[in-house]
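Biologist: I would like to learn how to read a model of this kind. Please show me one feature at a time.

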Amino acid sequence: MRVSPFHQDTNRFHVLPILGPIFAIALLAAVLPLNAQLVISEIMYHPLPLSPEDNDEAGEYIEFYNSGSDSINLSGHHIDRGITYQFPDNAVILAKSYIVLAKSREALPNSLAENRVFIGFTGTLSNAGETIRLLNSLDQTVVRVRYGTTGDWPAAPDGTGHSLVFPDPDGNPD
(Lines give C-alpha, C1' and ligand atoms only; values in the text may rest on other atoms or scores of the structure.)
Protein backbone atom coordinates (compact mmCIF):
# COMPACT_ATOMS: atom_id res chain seq x y z
CA MET A 1 0.00 0.00 0.00
CA ARG A 2 1.23 3.44 -0.91
CA VAL A 3 0.56 6.63 1.05
CA SER A 4 -0.51 9.52 -1.10
CA PRO A 5 -0.60 13.17 -0.06
CA PHE A 6 -3.92 13.49 -1.89
CA HIS A 7 -7.00 12.68 0.23
CA GLN A 8 -9.75 11.24 -2.00
CA ASP A 9 -12.69 12.06 0.28
CA THR A 10 -11.93 15.78 0.55
CA ASN A 11 -10.13 16.32 -2.75
CA ARG A 12 -7.36 18.09 -0.82
CA PHE A 13 -3.68 17.49 -0.49
CA HIS A 14 -2.41 16.59 2.95
CA VAL A 15 1.20 17.46 3.57
CA LEU A 16 1.60 15.59 6.87
CA PRO A 17 2.82 12.33 5.25
CA ILE A 18 5.42 14.35 3.33
CA LEU A 19 6.45 16.60 6.20
CA GLY A 20 6.70 13.75 8.72
CA PRO A 21 10.15 12.55 7.57
CA ILE A 22 11.35 16.15 7.07
CA PHE A 23 10.23 17.05 10.61
CA ALA A 24 11.98 13.96 12.02
CA ILE A 25 15.26 14.88 10.31
CA ALA A 26 15.02 18.51 11.50
CA LEU A 27 14.28 17.36 15.05
CA LEU A 28 17.25 15.00 15.03
CA ALA A 29 19.55 17.74 13.75
CA ALA A 30 18.32 20.07 16.51
CA VAL A 31 18.95 17.50 19.24
CA LEU A 32 22.57 16.72 18.35
CA PRO A 33 24.73 18.20 15.61
CA LEU A 34 25.59 15.56 13.02
CA ASN A 35 29.35 16.13 13.17
CA ALA A 36 29.55 16.20 16.98
CA GLN A 37 31.27 13.28 18.66
CA LEU A 38 30.55 13.06 22.37
CA VAL A 39 32.36 10.34 24.29
CA ILE A 40 32.91 9.35 27.90
CA SER A 41 36.66 9.76 28.20
CA GLU A 42 37.31 9.05 31.88
CA ILE A 43 35.51 7.40 34.81
CA MET A 44 36.49 7.56 38.47
CA TYR A 45 34.25 4.81 39.84
CA HIS A 46 36.19 3.63 42.91
CA PRO A 47 38.26 6.51 44.31
CA LEU A 48 40.21 6.59 47.53
CA PRO A 49 38.29 7.96 50.55
CA LEU A 50 38.94 11.62 51.41
CA SER A 51 39.54 10.67 55.05
CA PRO A 52 39.31 7.53 57.21
CA GLU A 53 35.77 8.53 58.24
CA ASP A 54 34.70 9.19 54.66
CA ASN A 55 33.29 6.76 52.15
CA ASP A 56 34.95 6.67 48.75
CA GLU A 57 31.89 7.89 46.82
CA ALA A 58 32.64 11.62 47.13
CA GLY A 59 35.47 11.40 44.60
CA GLU A 60 33.43 9.80 41.82
CA TYR A 61 33.23 11.57 38.46
CA ILE A 62 32.68 11.08 34.74
CA GLU A 63 34.52 13.12 32.12
CA PHE A 64 32.98 13.76 28.69
CA TYR A 65 34.88 14.85 25.58
CA ASN A 66 33.49 16.49 22.45
CA SER A 67 35.81 15.49 19.61
CA GLY A 68 33.57 17.17 17.03
CA SER A 69 33.87 20.56 15.38
CA ASP A 70 30.60 21.93 16.82
CA SER A 71 29.46 22.66 20.37
CA ILE A 72 26.87 20.32 21.84
CA ASN A 73 23.93 21.60 23.87
CA LEU A 74 23.38 19.15 26.74
CA SER A 75 20.26 20.87 28.11
CA GLY A 76 17.85 18.17 29.22
CA HIS A 77 20.36 15.35 28.69
CA HIS A 78 20.46 12.95 31.61
CA ILE A 79 22.07 9.85 33.05
CA ASP A 80 19.67 7.26 34.35
CA ARG A 81 21.70 4.23 35.46
CA GLY A 82 23.94 3.88 38.49
CA ILE A 83 23.95 7.61 39.01
CA THR A 84 21.16 10.07 38.25
CA TYR A 85 21.74 13.54 36.87
CA GLN A 86 20.06 15.95 34.45
CA PHE A 87 22.15 18.66 32.85
CA PRO A 88 20.74 22.16 33.42
CA ASP A 89 19.50 24.53 30.73
CA ASN A 90 22.30 26.08 28.67
CA ALA A 91 24.77 23.30 29.55
CA VAL A 92 27.12 23.26 26.56
CA ILE A 93 30.28 21.35 25.79
CA LEU A 94 32.42 23.23 23.29
CA ALA A 95 34.13 21.57 20.35
CA LYS A 96 37.38 19.78 21.27
CA SER A 97 36.60 20.34 24.98
CA TYR A 98 35.98 18.36 28.14
CA ILE A 99 33.37 18.64 30.88
CA VAL A 100 33.23 16.78 34.17
CA LEU A 101 30.19 15.50 36.04
CA ALA A 102 31.21 15.02 39.69
CA LYS A 103 29.64 14.06 42.96
CA SER A 104 31.66 16.65 44.90
CA ARG A 105 33.92 19.52 43.81
CA GLU A 106 36.18 19.15 46.88
CA ALA A 107 37.18 15.62 45.91
CA LEU A 108 38.15 16.41 42.29
CA PRO A 109 41.83 16.23 41.37
CA ASN A 110 43.48 19.54 40.46
CA SER A 111 44.06 18.31 36.91
CA LEU A 112 40.31 18.58 36.23
CA ALA A 113 39.95 22.15 37.55
CA GLU A 114 40.40 23.68 34.08
CA ASN A 115 37.32 21.86 32.75
CA ARG A 116 33.72 22.98 33.15
CA VAL A 117 32.41 20.99 36.12
CA PHE A 118 28.81 20.02 36.91
CA ILE A 119 28.22 18.95 40.51
CA GLY A 120 25.59 16.97 42.34
CA PHE A 121 24.68 13.65 40.80
CA THR A 122 22.84 11.23 43.05
CA GLY A 123 23.57 7.54 43.47
CA THR A 124 26.95 5.91 43.02
CA LEU A 125 29.00 4.39 40.26
CA SER A 126 29.31 0.65 40.70
CA ASN A 127 32.69 -0.53 41.97
CA ALA A 128 32.10 -3.80 40.09
CA GLY A 129 31.31 -2.23 36.69
CA GLU A 130 28.16 -1.20 34.86
CA THR A 131 26.84 0.54 31.76
CA ILE A 132 26.60 4.34 31.83
CA ARG A 133 24.18 5.97 29.38
CA LEU A 134 23.72 9.62 28.54
CA LEU A 135 20.24 10.16 27.12
CA ASN A 136 18.92 13.22 25.31
CA SER A 137 15.65 14.96 26.19
CA LEU A 138 13.79 12.40 24.02
CA ASP A 139 15.30 9.51 26.06
CA GLN A 140 17.46 8.40 23.14
CA THR A 141 20.95 7.14 23.93
CA VAL A 142 23.56 9.71 22.92
CA VAL A 143 26.59 7.93 24.37
CA ARG A 144 27.09 4.79 26.39
CA VAL A 145 30.00 2.94 27.86
CA ARG A 146 30.31 -0.31 29.75
CA TYR A 147 33.18 -0.70 32.21
CA GLY A 148 34.24 -3.59 34.40
CA THR A 149 36.83 -4.78 36.89
CA THR A 150 37.68 -8.27 35.65
CA GLY A 151 38.94 -9.81 32.45
CA ASP A 152 40.68 -7.34 30.16
CA TRP A 153 39.89 -4.33 32.35
CA PRO A 154 42.86 -2.81 34.24
CA ALA A 155 43.01 -3.37 38.00
CA ALA A 156 44.50 0.05 38.93
CA PRO A 157 41.21 2.05 38.78
CA ASP A 158 39.56 -0.34 41.26
CA GLY A 159 40.08 1.45 44.59
CA THR A 160 43.71 2.57 44.22
CA GLY A 161 43.07 6.25 43.45
CA HIS A 162 43.43 5.89 39.66
CA SER A 163 40.69 6.60 37.15
CA LEU A 164 39.70 4.57 34.11
CA VAL A 165 40.87 6.59 31.09
CA PHE A 166 39.92 5.80 27.50
CA PRO A 167 43.00 6.93 25.54
CA ASP A 168 41.37 7.13 22.10
CA PRO A 169 38.35 9.47 22.08
CA ASP A 170 37.42 8.26 18.60
CA GLY A 171 37.67 4.59 19.50
CA ASN A 172 35.14 2.18 21.02
CA PRO A 173 35.44 2.33 24.82
CA ASP A 174 33.57 -0.97 25.34
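**Reading the model**

Modeller: The model is predicted, so local features need pLDDT of at least 70 and side-chain atom pairs pLDDT 80 or more, while totals for chains, interfaces and linings use all residues. Residues are numbered from 1 along each chain as its sequence is written, and side-chain values use heavy atoms, without hydrogens and water.

Biologist: Which strand does Glu42 lie in? Which side chain of opposite charge is nearest to Glu42, and how many Å away is it?

Modeller: Glu42 lies in strand β3, residues 38-44 (a strand is a DSSP run of E, at least two residues, numbered from the N terminus). Glu42 is buried and has no salt bridge; Arg105, the nearest side chain of opposite charge, is 15 Å away. Buried is under 20% relative accessible area, exposed over 50%, and partly exposed in between, with a 1.4 Å probe and protein chains only. A salt bridge needs a side-chain nitrogen of Lys or Arg within 4 Å of a carboxyl oxygen of Asp or Glu.

Biologist: Which side chain makes a polar contact with the side chain of Glu42?

Modeller: That of Ser163, at 2.5 Å. A polar contact is a pair of N or O atoms within 3.5 Å; within protein, one must be able to donate a hydrogen and the other to accept it, and residues adjacent in sequence count only if both atoms are side-chain atoms.

Biologist: How many salt bridges does the count come to?

Modeller: The count is one salt bridge. Asp80 and Arg133 meet through their side chains at 2.6 Å, N to O. This pair links distant parts of the chain, 53 residues apart: Asp80 is in the loop between β6 and β7 (83-86), and Arg133 is in strand β12. Asp80 is partly exposed at 34% relative accessible area, whereas Arg133 is buried at 17%.

Biologist: What is the order of the strands in the open sheet?

Modeller: Strands pair through backbone hydrogen bonds, either parallel or antiparallel. Two strands count as paired if DSSP finds at least two bridges between them. The order of this five-strand sheet is β11-β7-β6-β12-β13, with antiparallel pairing. β11 (122-123) and β13 are at the edges with a single partner strand each, so one side of each has no neighbour in the sheet. Strands β12 (residues 129-135) and β13 (residues 141-148) are joined by seven bridges, and Glu130 stands opposite Tyr147 in β13. They form a hairpin with five residues between them, and Asp139 in the turn has a positive phi of about 65 degrees. β6 and β7 also form a hairpin, with three residues between them; Gly82 in that turn has a positive phi of about 75 degrees.

Biologist: Which residues touch the most other members of the largest nonpolar core?

Modeller: Ile43, Phe64, Leu74, Phe87 and Ile132, out of 26 residues. A nonpolar core is a set of buried Ala, Val, Leu, Ile, Met, Phe, Trp, Tyr and Cys residues joined through side-chain atoms within 4.5 Å. A second, separate core has seven residues, including Val100, Ala102, Leu108 and Leu112.

Notes. Helices (H or I, at least four residues) and strands (E, at least two) are DSSP runs, numbered from the N terminus. Lys and Arg count as positive and Asp and Glu as negative; His and the chain ends are not counted.
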